[in-house]
Amino acid sequence: MCALRCENIHKIYGKSQQATYAVRGISAEFQENTFYSVIGKSGSGKSTLIHLLSGLLKADRGEIFYDEQPLSTMNEQQLEHIKKKTGIVFQNYQLLPELTVRENILLPAVLLEEKCDEEWCDVILEKLQMTDIQSKYPDQLSGGQQQRCAIGRAFMNRPKYLFCDEPTGNLDKKTSKSVLNFLLEIKQLTKPTIILVTHDLDIARSADVVLHIEDGKLVSKSL
Ligand SMILES: Nc1ncnc2c1ncn2[C@@H]1O[C@H](COP(=O)(O)OP(=O)(O)O)[C@@H](O)[C@H]1O
Ligand SMILES: [Mg+2]
C-alpha cells in the first residue's frame, strides 16, 4: 500500500534574482515497508526533498499525501499524529550531549509525555549492540556508535516513516556499512517506509528502490 506520495512538489528558496529552484516538480510514491534510497550530486535537492516529505518544510506548489490524506489539509491534531509516526536521522547525529545513550533513545517517548516503553528501548539497545554502553555519553562514543544511537532514537516511537539524510556522511566506508546493517536489522521490527539520502552507492544499492535526483527533478537512470 502507498504510505506516502508527493505530487508535483516545488520548492524555491529566495526571490527573483536570488531565487534557487531546489525542487522542481517531483512526483513519487512510497510504499509501506519499503526502503528507498535517493542519490544525486551535491546541491541537486536531496535534503530539500526529504524536508518537504517529512513536513519540516512547506512546499511552494504541489501536495504531499500521507495515507492519501493531503498534508496541507491536516489540522494540528492530525499533524501531531504524523509527527509521532515519523523518525528522522541526520548526518551529524544531533544527540543531546548531556543525556546518556539510553536517555537519548528514550527522548522521543519522553517528549510525547507518554509512558516510556523501557522494554522497547532494551530491544533497540540490544539490536544496536549498545546495551553495554547505554550509560555512556555521546562524547564518549565513536561516530558509528553515535549514529547507531541516533538510529535507535528514531525507532523509539515505532515510526511508520523514517527519513535519513546522509546518515553515514561522516563515517568511513566500513563503519557506514555496519551502521547500515544495524538499520536493516532494526527495520525488520517495525517495517517502516524508509527514505534515505546517500552519496554512497553501496548503501544506495541496499535499498529496494533507488531514486536519482538531478537539478531538483527525479530522473530515471540505472546505478
Ligand atoms: N535554506 C536555503 N536557502 C537558500 N538556498 C538553499 C537553502 N537550502 C538549500 N538551498 C539551495 O537549494 C539547492 C538544493 O539544496 P539541497 O536540497 O541542500 O541539496 P543536496 O541535499 O542535494 O545537496 C542548492 O542549490 C542549495 O544551495
Ligand atoms: Mg543535502
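**Exercise 1: The shell around ligand 1**

The shell around ligand 1 comprises two nonpolar, seven polar and two charged residues; here Ala, Val, Leu, Ile, Met, Phe, Trp, Tyr, Cys and Pro count as nonpolar, Asp, Glu, Lys and Arg as charged, and the others, Gly among them, as polar. The model is predicted: local features need pLDDT of at least 70 and side-chain atom pairs count only at pLDDT 80 or more, while totals for chains, interfaces and linings use all residues. Residues are numbered from 1 along each chain as its sequence is written, chains are lettered from A and ligands numbered from 1 in the order in which they are written, and side-chain values use heavy atoms, with hydrogens and water left out.

Solution. 
- Step 1. A residue is near a molecule or strand if one of its heavy atoms lies within 4 Å of it. The residues around ligand 1 are Tyr13, Thr20, Ala22, Lys41, Ser42, Gly43, Ser44, Gly45, Lys46, Ser47 and Thr48.
- Step 2. A polar contact is a pair of N or O atoms within 3.5 Å; within protein, one must be able to donate a hydrogen and the other to accept it, and residues adjacent in sequence count only if both atoms are side-chain atoms. A polar backbone atom of Gly43 is 2.7 Å from an oxygen atom of ligand 1. For Lys46, a polar side-chain atom lies 2.8 Å from a ligand oxygen atom. For Thr48, an N or O atom of the side chain is 2.5 Å from an oxygen atom of the ligand.
- Step 3. Helix 1 supplies the largest share, three residues. Helices (H or I, at least four residues) and strands (E, at least two) are DSSP runs, numbered from the N terminus.

**Exercise 2: Strand pairing**

Solution. 
- Step 1. Two strands pair if DSSP finds at least two bridges between them. The open sheet has four strands in the order 2-1-4-5, with antiparallel pairing.
- Step 2. Strand 2 and strand 5 (69-70) are the edge strands, each pairing on one side only. Nine bridges link strand 1 (residues 2-13) with strand 2, and Arg5 has Glu29 of strand 2 as its bridge partner.
- Step 3. Strand 9 (residues 209-214) runs parallel to strand 3 (residues 35-39), joined by four bridges; Val38 stands opposite Leu211 of strand 9.
- Step 4. Strand 9 is also joined to strand 10 (residues 217-219) by three bridges, in antiparallel fashion. These two strands form a hairpin with two residues between them, and Asp215 in the turn has a positive phi of about 55°.

**Exercise 3: The largest cavity**

Solution. 
- Step 1. On a 1 Å grid over the protein atoms alone, a cavity is a set of points where a 1.4 Å probe fits but cannot get out; lining residues have an atom within 4 Å of a point. Grid points are joined across faces, edges and corners, and a volume is the space filled by probe spheres set on the points.
- Step 2. One cavity of 30 Å³ or more is found in the whole structure, and the largest cavity holds about 40 Å³ of space.
- Step 3. Its lining consists of Ile151, Pro167, Thr168, Val179, Leu180, Leu183, Leu196 and Ile203. Helix 6 (residues 173-190) gives the largest share, three residues.
- Step 4. By class, seven lining residues are nonpolar, one is polar and none is charged.

Technical notes
On a 1 Å grid over the protein atoms alone, a cavity is a set of points where a 1.4 Å probe fits but cannot get out, and a pocket is an open set with protein on both sides within 12 Å along at least five of seven lines; lining residues have an atom within 4 Å of a point.
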